[in-house]
Amino acid sequence: MSRVFSHRHRAPLRRGRARAQMRPRALDRGSVAHPLAARAVFAALALLVLSLCYKIAALGVVVMLALGLAIWTCRESFRRFDGVFVLALAYIADATVTSFMVSFPAGVARTVQFGIIVVALVGLYAYAQSARRADAEFLLKGMGALCALVTAHLVIWHVLHHHLVTWKYLSDTKLVLSLALMPLFGLEDWIKAKGRHLFPALLVVAFAIVLLSGERKALILFCALFALCRFSLGAKLGLAAMIGAVASLALLLDDGHIHRELTSASHDYSHTPTRYFFTVQSIYDQSDIVREFVNRNAWTLFVHHPAFGVGATGYWAWAAATYGPTGFAMNVHGEVHRIPAEGGVFGIALVAGFFGLALWRAVRHLVNSGGFAAASLDRMPLYGIILLLSYCYAEAVDTAMLLLIGGVGVVVGALPVPAGSLRARGARITGSGSAVRAQAVPGSLRARS
């Protein structure tokens, strides 16, 4: 050891350092190719969003498999799987692979779906290990422009088809109403730098579109993100009054559609006799009523299968066998009711662990970044969790939800490791058997601790 660190051996080290500077290093090659990688990832994510909004399944499969190429492209920066990311994959597996408990064909189909999604998520996770802050801003700006275009198409299409309110009839483009709020609030600082009144104006426009669409989860998400944005309390109160005036004007001009959409969720059907649901005509068109009926049955299945539930898609299989091809044969909407029925106590513990750890990491990152004074980009992990919660609360499991779960795992799992934490003190064992600290790529988001 004394020979290695002695003064007599400094000259060879200098020569070795000079030779290392003469040849291109792996990290330098990665930094040169990084702008191209960011553009490729954005193009893939843009196509993926379009496939989800317009229900182009084949395009989505191709794009997800293509995202897996990032595993090889970003292999030099890949370090390890974070606990949040592992729990996200386990959550997705519980919502797909457990279909084997229902039937073998269903299990095979869902396992293939799980495999394709995992390939895409691992590729994104590998890319996120070396992503710079500028890359995150670039992706948000690009997704903001894409969401604006899809939203414009959504509004124009409905207006041309004489649907002035409740814009839910063009494939699944209503998903973009929630997704568009992510770049809007995540780029708050950048938008404010472009103009003092630009961000408040965009908020009012976004609120008006969400309100007229009748999309409740997007409205809930908007309110939550508005409460957490960087505006001062006085500015928030003033802007809230302006938003309230817009809402009042919209409700006055509306013929009752928006009011019914927003208040239907507050109706209490918990004391309604079960036999009443069989008397409702076209019950599948009255989502709040049929969901109460489905939730009751889901709880009954949990009581009879408390440990592991009936497996993914198990409720739909049971309802189809019990009620036949009717409006009662549908999936459980809302993870609060689906997880106990299809995942049991095991699924509840798994999902609670995922959300608990992800929320803890996101809040800790926000505190370490300045708390209430943190930049808008540093609030994005917490915004993503709120987006996922709003979607999981009201929707049935689909590819979009599974990708959102994995997306939260990718973003939170790639956050910087605070100095002094257990993860920061962890060491990996090299092939020589010596323990060395795993180094993050300089300049990456993970390196910002």
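User: Why are α6 and α7 called roughly antiparallel to each other?

Analyst: In this predicted model, residues are numbered from 1 along each chain as its sequence is written, and local features need pLDDT of at least 70, whereas side-chain atom pairs count only at pLDDT 80 or more and totals for chains, interfaces and linings use all residues. Side-chain values rest on heavy atoms, with hydrogens and water left out. Helix α6 (residues 83–94) packs against α7 at an angle of about 165°, the axes being 11 Å apart. The cut-off for roughly antiparallel is over 145 degrees, with under 35 roughly parallel, 65 to 115 roughly perpendicular and the rest oblique. α6 and α7 are therefore roughly antiparallel. The angle is taken between N-to-C directions of lines fitted to C-alpha atoms over the stretch in contact, on a scale from 0 to 180 degrees.

User: Which residues of α6 and α7 meet, and how do they divide by class?

Analyst: F85, L89, I92 and A93 of α6 meet F114, I117, V118, L121, V122 and Y125 of α7, a contact being heavy atoms within 4.5 Å. The contact has 10 nonpolar residues, with no polar and no charged ones. Nonpolar here covers Ala, Val, Leu, Ile, Met, Phe, Trp, Tyr, Cys and Pro; charged covers Asp, Glu, Lys and Arg; the others, Gly among them, are polar.

User: What makes α17 and α19 roughly parallel?

Analyst: The axes of helix α17 (residues 287–304) and helix α19 (residues 335–368) come within 7 Å and cross at roughly 25°. α17 and α19 are therefore roughly parallel to each other. N295, A298, L301 and F302 of α17 meet H337, P340, A341, G344, V345 and I348 of α19. This contact comprises 7 nonpolar, 3 polar and no charged residues.

User: Why is α12 called roughly antiparallel to α13?

Analyst: Helix α12 (residues 198–213) and helix α13 (residues 216–228) have axes that come within 9 Å and cross at roughly 155°. That crossing makes α12 roughly antiparallel to α13. L203, A206, F207 and V210 of α12 and A218, L219, F222 and F226 of α13 make the contact, and these residues divide into 8 nonpolar, no polar and no charged.

User: What is the phi of K55, and what is the phi of H162?

Analyst: K55 has a positive phi of about 55° without being a glycine. H162, also not a glycine, has a positive phi of about 65°. Most residues other than glycine have a negative phi.

User: How many helices and strands does the protein have?

Analyst: The protein has 21 helices and 2 strands, counted as DSSP runs from the N terminus (helices H or I, at least four residues; strands E, at least two).
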